[in-house]
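Subject: Structure for you to look at, with notes on its ligand site

Dear colleague,

I am passing on the structure we spoke about, and I would be glad if you could look through it before reading my notes.

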Amino acid sequence: MLTIEIFTLFPAMFEPALRESILGRAIERGLLTVGLHNIRDHAADRHQVTDDAPYGGGGGMVMKPEPIFAAVESVLGSPSSLPVILLTPQGRPFTQEKAWSLAEGPGFGLLCGRYEGVDERVREHLAAEELSIGDYVLSGGELAALVIVEAVARLLPGALGDEEGARDDSYAGGLLEYPHYTRPPVFRNWRVPDVLLSGNHAEVRRWRREQALRRTFQRRPDLLDHAELTDEEKRLLRDWKREKEGPPDS
Ligand code: 6GU
């Protein structure tokens, strides 16, 4: 059983998402447990203040260290029994590789900072690492935490149904997915590609692989540096690159 302990000012943001779909089922099946902890419950003063103005002036508010340390230590102890990950746009990028390593267990804490900032002593003395989910700004780490929980949960053995689980996301060897179609064969005069209706499994496999390669070339050429490609696929790529560049000057 994987343990995820979430520390946030907005625990209600997580509740509906943790009940639904694959994530809800994984929790129900006991593959993982998610604890929600409201940092505000650990504020010492009568008004339960969790933020304050920044030293040195400037706009925005900063999350105070005491309620955060108190919340984390009350659940995970001191030193913490699990690594605590601080969610912040300044973190290293969260990747599929990181999801696999977190899924190995035994678990982790997720500390949701607000965008304006968290007292630096939390980063220095409480967080094991900092993660970001991409180059854009969210008002707080809550949605980023949910992204990480979902990406990790679906990797736990038994989380996906039979059909879903049988499909290994890494099968494509680091390429984007090929296009998918289902019935009807013609919808508003838009036809499903003939090859998919042909019943020729070898041809279908070839077509899908080429589509995956083409999409990756067009949309995410950066992924091609680490993709596993056959000699024939490398040749195809060289042809497409030449087409794109046009004929060389004479
Ligand atoms: Cl982890 N937090 C915030 N506030 N914004 C983000 C993010 C995290 N990742 C991308 N944008």
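Below are notes on the ligand and its surroundings.

This is a predicted model, in which local features need pLDDT of at least 70 and side-chain atom pairs count only at pLDDT 80 or more, while totals for chains, interfaces and linings use all residues. Residues are numbered from 1 along each chain as its sequence is written, and side-chain values use heavy atoms, with hydrogens and water left out.

The ligand is surrounded by a shell that includes Leu 87, Thr 88, Pro 89, Ile 133, Tyr 136 and Leu 138 (a residue is near a molecule if one of its heavy atoms lies within 4 Å of it). By class, this shell holds seven nonpolar, four polar and no charged residues, where Ala, Val, Leu, Ile, Met, Phe, Trp, Tyr, Cys and Pro count as nonpolar, Asp, Glu, Lys and Arg as charged, and the others, Gly among them, as polar.

Turning to polar contacts (pairs of N or O atoms within 3.5 Å), a nitrogen atom of the ligand is 2.6 Å from a backbone N or O atom of Tyr 136, and a ligand nitrogen atom also lies 2.9 Å from a backbone N or O atom of Leu 138. For Ile 133, a polar backbone atom is 3.0 Å from a nitrogen atom of the ligand. Taken alone, the ligand exposes 290 Å², and the protein buries 100% of that (accessible areas come from the Shrake-Rupley method with a 1.4 Å probe).

Best wishes

Key:
Polar contact = N/O pair within 3.5 Å; in protein donor to acceptor, adjacent residues only side chain to side chain.
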